Amino acid sequence: MRISTRIQSLLVSAALLVPLVATPVTAAYAQPTEEKTAASWSGVVINEAYLSGGSKGAAYKNKFIELYNTTDNDVTLDGTSLQYRPESGTGASNAAADLTGVIKAKGHYLIKAGSNGSDGAELPQADATATNLNASGTKGTLFLAATTSKLSPAVGDTTANADIIDALGYGDTNTFEKAAATAPKSNADVKSLNRANGVDTNDNSADFTLSADITPEGTGEGSQPTPKPDPTPGDCPTGEAEIAQIQGTTDTSPCVGKTVTTTGVVTAAYPDGGFNGYTIQTPATGGAVNLAEHKASDGLFVYDSKNVKDLQIGDYVKVNGTISEYYGLTELNASSVTKLSDKVEAPKASTMAFPKTDTERESLESMLIAPQGDYTVSDVYNTNKYGEIGLAASNKPFLNPTVKGLKGDAETGAAYQAELDRIEAEGVYLDDGSSRNFLDTKYPDNADTPLPYLSNDQPVRVGEKVTFTKPVVLDYRNSAWRFQPTERLTGDNADAQPVTFTSTRTDTPDLAAVGGDIRLATFNVLNYFSTTADKTGCSTSNAYTDRDGNPVTAKNCDVRGAWDKANMERQRAKIVKAINNLGADVVSLEEIENSAKAASSVPASFKGERRDYALATLVDALNEQAGEGTWAYVPSPQTVPDLDVEDVIRTAFIYKPTKVATVGATRILTDSDAFNGKNGYEHGRQPDAQAFKAKGAADSDAFLVVANHFKSKGSASNALNQDPGDGSGNADYTRQAQADALLAFTDEVKSDLKLEKVFLVGDFNAYYAEKPIQKIVAAGYTDLSEQVSEKTGKYTYAYTVKDESGNTNGGVGSLDHIFANEAAMRSVTGADIWNINSVESVALEYSRYNYNAKNLYQADQFRASDHDPVIIGISASGTTGGTATLNLLNFNDFHGRIGKNLTVPFAATIEQLRAEHPDSSLLLAAGDSIGASLFNSSAQKDQPTIDVLNALGLKASAVGNHEFDQGYDDLTGRVIGTDGKRNAQWDYLGANVYKKGTGTPALQE
């Protein structure tokens, strides 16, 4: 909240006073000696070597060697080199790469080596490039040498060689430490050689093991590159300098490479967690900063692993050291620090909305900030990995841009670009004051540290509103602007968390909004397999494991999903809870095991079709919780696709036989190249069509439902399916053809069954503006999921979005849709998206059981999958004859009656009356709900009243004269809001409200 100058003048706080005593703190670094041997670098080891980069199936396109500093001191690598000699070599190394820079205490250093091809992902930013070093993937020797000259070590044990800091001999090689390490069998055996916890016993065979968990780490996890002077350094002051002079007015300090001395108050301290430093800020700075005039930051990060543990927030210090730009963050690498005790005024947190440009953010780098305005959670995918949360400085999360348009499209391209531009203007991460990777199993302490932010009681979900309760530091790390807490945050000191979140969880969908006699839903169940990987002979090396090394889920096995029965039951418990709480009568399932496949385990006692076994186990579990006979599944038809063109997952239907009945047998599209993966198309899951009717209704009243699971965006096996460059991702070519095939198939089934009402449901793997969806819309179908999103801001999926500048954050959008044709639309009563999965952290999923000391798995519906279910209501009678009872509840002249003895009785009366007709009640208002209100509401511009009426489910209201008390623009812009940013969730209707001088209605009539 911005406080007036007059009031500010009355608020005088005492300055921070500290004793005036100059106490030297020991210098962090010693001068190097003239000559060095391997002992000078003792404690720096080869930590991981991945040597099949670029081969078919490779994890990364390039090979890499990762070094690790096991000591508590920074070590310069200047004068060293990494060398390679083939397995039978006896002379000089055949490849060498000089190393430079500083590897920080307990830090890493990443060397990018050669490549065998083009497969695999790009490595993270490397600290050295040595593409001439193309080591064999299965045998040879790597030397970390104490010289830049090529070595010619004797074959055998290298431990006594004074020129070798560390060596890794692997496979059938003649040179090693004591004995060679076991190597991958071939370049197709995608594993790296990993050292356990930095331990070096000088025995390669004991120190290194093979791991499929390949984790390249460089200076982003703690090592320090040698600072490179700015080519245009500008004016760097000599002698003692102000922090603002050191920071300068651009994104690069004018003092890079120079030694400076400055003073400041410690505002944040990070003695552990990888930052190994603290921030300082010039006394009496901050507060109400005018960004138009504030050109240089008054804050600075000091890298000082030696002394940070002896400093406290509030200490006033003098620091001497060298300035560098550490991947975009200006930092001072301290050589000495002295505690001072001048009587200085403490810096204040700067109060402002999030700066819109990098230039403005640079002027606040490393300063204390008290963020103002709207912030919304937009990304929680990496919260369980890096302790970070993506935020949008807005009242809504970021959208995947193809929800609104396609890149370069004449009609929708501007809408696409507008969504991308939001990331640059509004994107920021809330971090944990640490660079630790909680999932890095090479360092058990990471996983044994409880995660920050996440909990079951106070969940962090995409779309939640964020309130800052403590100051944070604005800095730039890992290519993004970040809010850092003033101390490292873990689950053990949650009281230091600088924010609170407004929970958006609900126990069920909004079933009042859905309505209907019958409810239809679609739900992707995240590779539910009753066959577990341990029963298929899959090696445990192909498992994703927890922090204790126990297999949890399958990786590169013939089946997907859970590794064993215990994990499968954890997965199933969540799915069962979600479906039974969904309130649906018919559910289309996607990503359920196709038990017809050879790897699937089906007992001989099963009486149904083999293809349906996993489906049957899920229905049994649903009935065990909901009651015998509550659910049934639709069996596979006699005619199914050939097994070689079917996927290991399929679509399926379940339903409640007491509410609905099937009409005819299921029909599956069996002869489509677009779904069968022929003639240039990728594989998909064949559409599955089934007609349903209300229990006891005539067959002619049935509605047709077609379940779908189109090809995903993840891969392309040929040029036709490469990303077309419009934002649609891979396999858009196939998905468009699948949309065409689906429409033709649906028309055929609809005609054969002589039905009118059709619903197309499922995971279409495409957002609204993409061509496959628009083909379906153009064929006369209405996307009910999109209607829900436009009104409520809820979507079914969340994924990373990246703009042209490389900025990333989380973006929401719907891959899951329910489409209704014109006849079906006449029977639709409402719809909802139940946000129980996509918006939640993956840490809650069964697949992350025991990944961290804070085990967040619970047998509830939250994070049962990565997709959210969509549900709609259907009137069984449709538009044909008969009578219906409507319970219309109307009020007028509410005038913001928000108070202790007013709101609850009002709400209770409405709920009591609504309970008499739960499926046919409408809450309406005749106007003057806001304006001329009681103080509790008027003091907040009637937002409390709007929130209460939203919660009560007000459907429509006329506008009264008091709705215009703050003006027309306030009514339409703030009270009602715009599409996608609705405030009042009801429709406002106007009578005789026209635009000035015209007969054009200013509001809906």
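Modeller: A crossing is called right-handed if the near helix is turned clockwise from the far one by less than a right angle, and left-handed if the turn is anticlockwise. The model before us is a predicted one, and in it the crossing of H16 and H18 is right-handed.

Biologist: Which residues make the contact between H16 and H18?

Modeller: On the side of H16 they are Thr903, Phe906, Ala907, Ile910, Glu911 and Arg914, and these meet Val948, Leu949 and Leu952 of H18. Sorted by class, the contact of H16 with H18 holds six nonpolar residues, one polar residue and two charged ones.

Biologist: What else describes a pair of packed helices?

Modeller: In general, two packed helices are described by the angle between their axes together with the distance between those axes. Helix H16, residues 903–915, packs with H18 at an angle of about 20°, and the axes are 11 Å apart. Angles under 35 degrees count as roughly parallel, and H16 and H18 are therefore roughly parallel to each other.

Biologist: At what angle do H12 and H13 pack, and how far apart are their axes?

Modeller: Helix H12 (residues 732–753) and helix H13 (residues 771–778) pack at about 20°, with 8 Å between their axes, and they are therefore roughly parallel to each other. H12 passes H13 in a right-handed crossing. The residues that meet are Asp732, Arg735, Gln736, Ala739, Asp740, Leu742 and Leu743 in H12, and Lys771, Pro772, Lys775 and Ile776 in H13. By class, this contact of H12 with H13 has five nonpolar, one polar and five charged residues.

Biologist: At what angle do H9 and H10 pack?

Modeller: Helix H9, residues 565–582, and helix H10, residues 613–626, pack at an angle of about 65°, and their axes are 10 Å apart. H9 passes H10 in a right-handed crossing. From H9, the contact is made by Arg572, Ile575, Val576, Lys577, Ile579 and Asn580, while H10 supplies Thr617, Leu618, Ala621, Leu622, Gln625 and Ala626. By class, the contact of H9 with H10 has seven nonpolar, three polar and two charged residues.

Biologist: Where do the buried residues of H13 fall, seen down its axis?

Modeller: A residue counts as buried at under 20% relative accessible area, and in H13 this applies to Pro772, Ile773 and Ile776. Seen down the axis of H13, its buried residues fall within an arc of 100°, so they line one face of the helix. The buried residues of H13 pack against H12, strand S40 (757–763), strand S41 (782–783) and strand S44 (816–820).

Biologist: Which residues of H19 are buried, and what do they pack against?

Modeller: In helix H19 (residues 968–976), the buried residues are Asp970, Leu971, Val975 and Ile976. They cover an arc of only 140° around the axis, which puts them on the same side of H19. The buried residues of H19 pack against helix H18 (943–952) and strand S50 (987–989).

Biologist: Is Lys178 buried or exposed, and is Asn276 buried or exposed?

Modeller: Lys178, in the loop between strand S13 (175–176) and strand S14 (192–195), counts as exposed at 57% relative accessibility. Asn276, in the loop between strand S16 (259–270) and strand S17 (277–281), counts as buried at 11% relative accessibility.

Biologist: What does Arg461 contact, leaving aside its neighbours within four places in sequence?

Modeller: Arg461, found in the loop between helix H7 (444–447) and strand S27 (466–468), is buried, with a relative accessible area of 2%. With those neighbours left aside, Arg461 is in contact with Val377, Thr504, Arg505, Asn835, Ile836, Val839, Glu840 and Phe862. Arg461 and Phe501 are 40 residues apart in sequence and, C-alpha to C-alpha, 8.5 Å apart in space.

Technical notes: Residues are numbered from 1 along each chain as its sequence is written. This is a predicted model: local features need pLDDT of at least 70, side-chain atom pairs count only at pLDDT 80 or more; totals for chains, interfaces and linings use all residues. Side-chain values use heavy atoms; hydrogens and water are left out. Axes are lines fitted to C-alpha atoms, for helices over the stretch in contact, and angles run from 0 to 180 degrees between N-to-C directions. Helices (H or I, at least four residues) and strands (E, at least two) are DSSP runs, numbered from the N terminus. Angles under 35 degrees count as roughly parallel, over 145 as roughly antiparallel, 65 to 115 as roughly perpendicular and the rest as oblique. Contact means heavy atoms within 4.5 Å. Ala, Val, Leu, Ile, Met, Phe, Trp, Tyr, Cys and Pro count as nonpolar, Asp, Glu, Lys and Arg as charged, and the others, Gly among them, as polar. Buried means under 20% relative accessible area, exposed over 50%, partly exposed in between (1.4 Å probe, protein chains only). The arc is that of the directions from the helix axis to the C-beta atoms.
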